[in-house]
Amino acid sequence: KDQNISTLAQTLAEKEEECETLLSDLRETTVQLEGRVFALSESQGEVATLSTSLEDKDALVLFLQKKISSNEMDFNQLKEKHSLLKEELSILQQNGGHNNNSERELKELKEEQEKLTHSSSLLLTKLTHTEDELQVVEKERKEEAVKLSKAEEELQTLSEEREELIAAVNNTQELVETVEEQLQVAHRRVGEVEEESRHLSDELTSSIL
């Protein structure tokens with residue numbers, strides 16, 4: 001009986017040690033899981049911010065493209081006006097009318113030509129500036145698209161790690177429950193053997209007396 005008790009006590013000690021090790025693993029895995037959950041939250045925030053920024057850049061690119069298209073149309077219209085005005089001036093000069101009306105008309109046409117030239121120059125400068133701005137925005141958009149892609153990859157990795165840690169926590173909890181049940185069984189068996197020993201001891205004492 002003493003041998004049984006000794007063996008059971010050793011089993012009990014081993015199970016208690018195993019249980020403590022599992023609980024320690026569980027605490028460590030839980031801390032890792034909490035860290036991953038926090039990192040996942042931050043990563044989700046970064047992805048959301050980059051996505052919004054990228055949408056803003058897309059909208060800005062579209063706006064600038066429309067602006068360039070509109071400026072190009074305006075510039076082409078000015079060129080047409082300029083061309084028509086040159087034809088009118090040429091016809092007027094060929095006719096060689098030196099009366100007051102012709103001279104006044106010629107002067108007005110030249111003034112209008114200067115205005116058109118000035119407007120064309122301004123519009124061309126504006127168009128060039130918008131095209132430069134579009135290039136900068138498109139470059140920024142590409143850089144942010146790369147950042148977003150990397151952030152999404154990191155988010156995916158963190159999500160997978162989180163799932164693995166959750167599985168590890170669940171498995172460890174199941175093992176802890178199993179070992180705790182085995183501990184209870186071992187405790188009960190020790191109690192039963194001790195009780196049997198007492199009975200035998202009592203019977204032996206009675207028979208001696």
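Glu88 sits in helix 1. Helices here are DSSP runs of H or I with at least four residues, numbered from the N terminus. Glu88 is partly exposed, at a relative accessible area of 41%. Partly exposed is the class between buried (under 20% relative accessible area) and exposed (over 50%), using a 1.4 Å probe and protein chains only. The model is predicted: local features need pLDDT of at least 70, side-chain atom pairs count only at pLDDT 80 or more, and totals for chains, interfaces and linings use all residues. Residues are numbered from 1 along each chain as its sequence is written, and side-chain values use heavy atoms, with hydrogens and water left out.

**The negative patch**

Glu88 belongs to a negative surface patch, together with Glu87, Glu105, Glu108, Glu111, Glu112 and Glu114. Helix 1 (2-95) and helix 2 (100-208) are the elements that each give two or more residues to the patch. Which helix gives the most to the negative patch? Helix 2 does, with five residues. Patch members must have over 30% relative accessible area and no salt bridge, and like charges are joined within 9 Å. Asp and Glu count as negative, Lys and Arg as positive; His and the chain ends are not counted. The place of a Glu charge is taken as CD.

Leu54 is in helix 1. Leu54 counts as buried, at 11% relative accessibility. Its contacts, leaving aside neighbours within four places in sequence, are Arg141, Glu144, Ala145 and Leu148. Contact means heavy atoms within 4.5 Å. Leu54 and Leu148 are 94 residues apart along the chain, yet their C-alpha atoms are separated by 8.4 Å.

Lys57 also lies in helix 1. Is Lys57 buried or exposed? Lys57 counts as buried, at 16% relative accessibility. Beyond its neighbours within four places in sequence, Lys57 is in contact with Val137, Glu140, Arg141 and Glu144. Lys57 and Glu108 make another pairing to look at: 51 residues apart in sequence, they are 46 Å apart in space, C-alpha to C-alpha.

**Salt bridges**

Side chains of opposite charge can pair when their charged atoms come close. A salt bridge is a side-chain nitrogen of Lys or Arg within 4 Å of a carboxyl oxygen of Asp or Glu. The count by this rule is seven. The table gives some of them.

| Pair | N to O distance |
|---|---|
| Glu18 and Lys15 | 3.7 Å |
| Arg141 and Asp58 | 2.3 Å |
| Arg162 and Glu163 | 2.9 Å |

Glu18 and Lys15 both lie in helix 1, three residues apart, about one turn of the helix. Glu18 counts as partly exposed, at 35% relative accessibility.

Arg141 is partly exposed, with a relative accessible area of 28%. Asp58 is partly exposed too, at 33%.

Arg162 and Glu163 form a salt bridge. Arg162 is partly exposed, with a relative accessible area of 27%. Glu163 is partly exposed, at 47%. Elsewhere, salt bridges that share partners join Lys57, Glu140 and Glu144 into one network. Glu140 and Glu144 are also among the contacts of Lys57.

Methods: Patches are made of residues with over 30% relative accessible area and no salt bridge: like charges are joined within 9 Å, nonpolar side chains (Val, Leu, Ile, Met, Phe, Trp, Tyr) within 5 Å. Accessible areas come from the Shrake-Rupley method with a 1.4 Å probe; for residues, only the protein chains shown count as cover.
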